[in-house]
Amino acid sequence: MSKKTSKVLAFATGVALILAACGGDDGDSGSEASTPASEAPATEAPAADCGPDVLEGGAGGAEGDAAMKITFDISPDAVWQDGCPITVADFQCSVNATLNTPGSISTTGYDKIISIEAGESSKQVVVTFNAVYAPYKLLFGGLIQASAVADCNDISGDFASLNQVSGREWMMESFSPDQLVYVPNPNYWGDAPTVERVVAVPFADFDTQSAALLAGEVDFIYPQFFAGISDALSDANVTSKIDFGGDYEGFYLQADPARGGPFSDPIFREAFAKSIDRDAVFEQIYIPLSEGKGKLLNCGPIVPGQYCDEAFADQFDPEGAVALLEANGWTKNGEGYWAKDGNAPTIRWIINTGNTRRENTQAFLIPLLQAAGFNVVADNCDAACYFQQRLPALDYDMAMYISTAPPDPAYLVSSFTCAQIPSEANSQQGQNSTGWCNEEASALLEKSDVTVDEAERAQLVKDALKLMAGDYVMLPLFQFPKSGFWRTDRLAGPVDAELNNYRAFNNFSKWEDVDGDGQIVLGAEQWPECLNPVTECANSSWMVWLTAFPILPNVWDTTNDGKLVITNLVTKEPVVEIL
Amino acid sequence: MTVEPILAVDGLVKHFTVKTARGVRAYKNTVQAVSNVSFSVRPGETLGLVGESGSGKTTVGRCILRLIEPTAGSVRFQGEELVGMRAERLRELRRDMQIVFQDPYASLDPRLTVGTSIAEPLEVQRIPGDHRARVKELLELVGLSPDHSRRFPHEFSGGQRQRIGIARALASNPKLLVLDEPVSALDVSIQAGVVNLLADLQDQLGLAYVFIAHDLSVVRHVSHNVAVMYLGKLVEVATAETLYERASHPYTRALLSAIPVPDPGVERGRRRIMLEGDVPSPIDPPSGCRFRTRCPKAQDHCAVEEPALVDRGQGHPVACHFPD
Amino acid sequence: MSPRRMAVRRFVKHRAALISLIILGIMVLFILLAPFTARYGVNEAVFKTSPEKPNSFLSPRGIAWLGTDDIGRDLYSRLIYGLRVSILIGLASAFFGTILGVAIGAVAGLRGGWIDDLLMRVTDLFLAFPFLVTLLVLRSVMSNVPWLKPIVGNPTSIRFVVILFVLFGWMGVARLMRGQVLALKEREFVEAARALGASNTRIVLRHLLPNSAGPILVALTFAVSGNIIAEATLGFFGYGPQPGAGATSLGKLVGGAKGALLPGYWWLVVFPCVILILVSLCVNFVGDGLRDATDPKLDGNR
Amino acid sequence: MFRFVMRRLMWALPMTLIITFVVYVALRVGTDPLASYLRVNQRASEKKIQQYIETNGLYEGFGGYVRGYLQWLQGFVTFDWPRSIKGSREVWPEFRDAMFNTLRLGLTATFLGILIGLSFGIFVALKPGGLRDATVSTSSFVAISTPPYVSALLLQLLFAVYWSKWFGQSLLPTSGVYPPGHRGFDLVLMIKHMILPVTVVVIQVVAVYARYMRASLLEVLNSEYMRTARSKGISERRVLVRHALRNALIPIVTVAAIDIGAILGGLIITERIFSYPGLGDFFLGAYDNGDFPQMMPWMFFFTLVVIAFNLLADVLYAVLDPRIRLG
């Protein structure tokens, strides 16, 4: 709703978004993937200022023996906005930039690349990995033009004001704190967009963007869902589509033994989790919110689909909790709190201030938990403090936030394995902010990363999540609706076709402008701070939706039903060889 | 009789630095409010300190109590030097010296009852005993009803308020009172009552007074000695009788002639000495004799040399080149 | 008759102030007796929602006099509890801010010289700088200095917000007090007190303060309403206090009106805003009345 | 006069330096730029960090702050501003645009607000104690007590949302400086977009100044010399215009000049609701990110504004008050 709230989403989905920025991309290419796979070699001689086809010094840099090799055949038609062909150099540059730029938000996957070389021509890319890497489809999601940056190893100073690189339908005409304008890329080799201009404008909160929609100033908005949204936007000219996407909200119990919080004691943690009535929370908080749609999420840190087997159902068991505690030497103290050795732990529950839903949840649940004998206190701070300081530092006992589950489960490895707990070993940069370390589950997840077979991989993930459910480190609550609202008197075409897509509304190059003003206006809930696709700037969904997807060429796209398919950047499905 | 003076002022000097605010700018000026004033008061006696407004007499009074810091000179009270004295000792000594102010409307805190105001010195000085009884006693002493202690100042007339001010000053049993024009703000009809009260109290309690006034009529009856000030300097000091009979400084004579005499016959036959012009600014006093600009006897010599306060015998010092 | 009683008499003549005081009194009674006056708990849904019949956003009716909010809680009860927190914050920060202001103003006025110049310059700056920015910068400094943490607490705690408002709320009073001191210290009754041997502290507490009580009280009342609005503003930006689970504040409720205007949940907008406006209106009127009652210039001609 | 202004200007310089130094230290402590940098550049090498510390003068300790401040100041005045931490963007172009947007909005609103407020104040002061007085002072209390975001939303609803529902087209735009996609300069559109935000600010300013003016004018009208003027038989209108207004305006002009900084800063709320890309939005964005290189120029700018308008207040005071003569 407010900028804050969207920021919540942005950061919470951080891990996923990294992948999104690099992996998931524009989905309208589903049809475009059928571009004829001509075998014709690149006939055009590159213009003098296009730079070399292959970078000196190559790319990657991981040590070890080659374990996997992927060969990409770049479409001979694929060119940048300046007419220069997209070649292996651009793959190399993108990888180097992601690996070496200080402030690059994630190097996952790329850090396994030993080398990137040209195959038969500079239009064929051969990538060699030092290990099997199953989520390879998340790689090469936003290529950077090698000749557009001064130094591929540090692009932190590039893309500061306007991103002029484009290998997709759109080019950025202007970018400022008050608007972002796209015009069609004249050199795009696929279908040209149907609209002359697309303008995105920022809004600080739901009220103002709704008012702008109702007043006819914007044509389309994609707000975060909240109670009353349909009432707010009931208008003869406004229509909507609500769908359940990859966003899910849950409770997280910080379990890292090294930090010594109350939940590092597995008994106490289990008893606490068993005392939380998720059904009641669902009824109290989420039913009004979803206006009767949706149901309690039982999948874990993932949404219903091939990786979900409801392992987190039936966790509420207050009697079991009491029995468990009493069996392990816990007794209620004078204040009615469970205590062991005279010590009644205080549980610090953190959320970001200003988020009404989470505040309501705290207000509802804390008295119940206190009555159950747990001394839970609200220990909240604003979004910046919460997501940028407290969560990464694991400075909390219980947290509540939204994450986004991407189509590929690879994010589970970075979010929930032992090696990813921030520690000296990973220079405090680990992504596992729950502090959960289960060696067996970690092994399963890591194995899933190197298992290419889909069914086998799904089973590994399910097994790991079952262990996670048994360890009570996370309690899933709700799969969040995604909603698009648009004016039917101004907008037509497949507006509702991709709203559930991981990359949201990015099929807008197929939308139709029916009011004849020559442009489509999108309302943005959150405004990109900057345009750099590999740095912290990219750590927000809106940034990626607005400034990476429409312009940066990619190999794989996500679809509305959560699949990864190739784009017209390549002529055929890349060939994967396990060595 | 060689009684030690209770108060001895010697060479008292007070300069003020005055900022004249003019919008946002400020000018600094030095005002010589008091220049080299010396006198002494013996126990049970009254010194009348007389001068027009601006003569520095009030400043002298404040300096005696060290309500303002003298620039130079010495003030000895019961033999103890007050200038430069530690704040602790000074506070103790304030039991023994008190002040009664000119404006009875301003000198009482409007928010405090009369009783509280009178009891304040007892509290501040931590004087033991039944304060309420003492307040009643004091009220009676100054001729008010003991029941008045619970009333507020605005319910009293000016004369009554001045009596309250006196009662407060007397609360700690002081030995010296500085009376800063105690009756000049009062109606003539009630001035006498207050003056008589003061005289009675002196008899009763053996107090010493420094009685500051702007004309000679008031101090005439109550003073043993009179000192006349003009523009920060003493111009004449004498016993009351001497002064009224044989004033020798032209300024004193002018002041004396301004006193209305009750007897109409005498009044008609008197020659009034009128002073011309205003008192010059103490920021930039006249050279030589400060009185010369208004003096009927002034000569060129007066502008050059400043007359010293010289005792020409009979214990009657005068600062004039041409005394009568 | 004591000056206080005269002031009371004048105050009572100020009709608006008297009515305001009565309204405020009723409000205070309501919030003090919250467990009895509120119909439901602060976080209690009017009745438990069910998937078929969500109870959120009920318009005012018998079971919920002022309607319900997004998760079916009774707005009337929440207003009572919210007002309690807001008035606490408003009063506490105004009170301590006034004390700080009085102290600073008294020091500046009594000491004079460079201390006075310095303090007044600082005051001017605090007053002239954009309010919200100063608040936010102070807030970040306060939450980032480790050794302050045990004193100020968590940035979202009521204590933190009160301290923040105190640090930000002393300037007006300081100026006022300084002016009063400068005016009063020339008065003879202050000089008299000094002649009695009274210390500076005693003079300030016994004489200067009581004689400045009128304007200071007026400033204090305005600070109360100012702080209540400031709390609401902070809440609007998400930097407001988090009164702990199971509590709300007027600022939060008014901030909650944000999402309610467009859907037409008018009661969620109207009632909190009306209460906020009413509180600050009443407080302001009381302040006005106090000013008239204590202004010595008006003695006798009303 | 000239000498007076020059002297005040010479005073203003050290004042600016001292204040901005204090602000510098406060922001250094409050935002911890190095921590922000590390948050954004998580994998920066030891060498890079050291380099960042040196180029930005992020030294520790009091001496370090002084050194860092001087280094920052040097870069600032030579327009060699450090880049933003997030996205390492150039600060000046964005700051400049935001500044012009805010100044346009703020000065218009201040001017209109004070003008209308003063008129109201005069209007009621002429007939104090009546129904007119009660209505205006109650309304101004209500206006002061109404949070600006509530009035802003109501205005948006009325003139944009409902208007377009009723008449098919909105009367006034709800957001931005120009309609989406607009290019170039267009005065009419710009003014159209300013009407609602300006109104929100004006409501508050009017409320405050109506009260100021009422009080100030009443004081003058009740003063001794006004009574004298009246008793001399000078006409009421003449008394009002020649004497009362002039004297009543003196304190208000001073207050207004000092107030302008606060009003400009108070635009933060309004700008946010109307998605108006001004300094307020600029500051909030920077504050949320703890972006020191963006916040410091902001604070510097406002320090200058505050000091400049204080100076202006002094000068105006001196010009208006005939009792003051400047040597």
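Between chain C and chain B, 13 residue pairs are in polar contact, counting pairs with both residues at pLDDT 80 or more. A polar contact is a pair of N or O atoms within 3.5 Å; within protein, one must be able to donate a hydrogen and the other to accept it, and residues adjacent in sequence count only if both atoms are side-chain atoms.

This is a predicted model, in which local features need pLDDT of at least 70 and side-chain atom pairs count only at pLDDT 80 or more, while totals for chains, interfaces and linings use all residues. Residues are numbered from 1 along each chain as its sequence is written, chains are lettered from A and ligands numbered from 1 in the order in which they are written, and side-chain values use heavy atoms, with hydrogens and water left out.

**Chain C with chain B**

The same interface holds 4 salt bridges, a salt bridge being a side-chain nitrogen of Lys or Arg within 4 Å of a carboxyl oxygen of Asp or Glu. One of them joins the side chains of Arg202(C) and Glu120(B), at 3.2 Å from N to O.

Which elements of chain C give two or more residues to the side that touches chain B? They are α1 (3–13), α10 (188–195) and α11 (200–236) of chain C. Helices (H or I, at least four residues) and strands (E, at least two) are DSSP runs, numbered from the N terminus. The most comes from α10(C), with 7 residues. By class, this side of chain C has 10 nonpolar, 5 polar and 6 charged residues. Here Ala, Val, Leu, Ile, Met, Phe, Trp, Tyr, Cys and Pro count as nonpolar, Asp, Glu, Lys and Arg as charged, and the others, Gly among them, as polar.

**Two interfaces in a table**

Contact means heavy atoms within 4.5 Å. Buried area is the accessible area (1.4 Å probe) that two parts lose on being put together, summed over both.

| Interface | Residues in contact | Buried area | Share on carbon and sulfur atoms |
|---|---|---|---|
| Chain C and chain B | 21 residues from chain C, 26 residues from chain B | about 2,300 Å² | 53% |
| Chain D and chain C | 41 residues from chain D, 37 residues from chain C | about 3,300 Å² | 77% |

**Chain D with chain C**

Of the area that chain D buries against chain C, 20% comes from Phe141(D), Tyr149(D) and Tyr287(D), more than from any other three residues. How many salt bridges does the rule find across the interface of chain D and chain C? It finds 0, and 4 residue pairs are in polar contact there, both at pLDDT 80 or more. Several helices of chain D each supply at least two residues to the touching side, including α1 (2–31), α8 (187–221) and α13 (292–320). The largest share, 8 residues, comes from α1(D). The side of chain D that touches chain C divides into 27 nonpolar, 9 polar and 5 charged residues.

Asp32(D) sits in the loop between α1 and α2 (33–40) of chain D. Its phi is near 45°, a positive value in a residue other than glycine. In chain A, Leu394(A) lies in the loop between α11 (383–390) and β13 (398–404), and the phi of Leu394(A), near 55°, is positive too.

Is Leu394(A) buried or exposed? Leu394(A) counts as buried because its relative accessibility is 3%, where buried means under 20% relative accessible area, exposed over 50% and partly exposed in between (1.4 Å probe, protein chains only). Asp32(D), at 33%, is partly exposed.

Chain A also has a hairpin, formed by β2(A) and β3(A) with 5 residues between them. Strands β2 (residues 113–118) and β3 (residues 124–129) of chain A run antiparallel and are joined by 5 bridges; two strands pair if DSSP finds at least two bridges between them. Ala118(A) has Val125(A) in β3(A) as its bridge partner.
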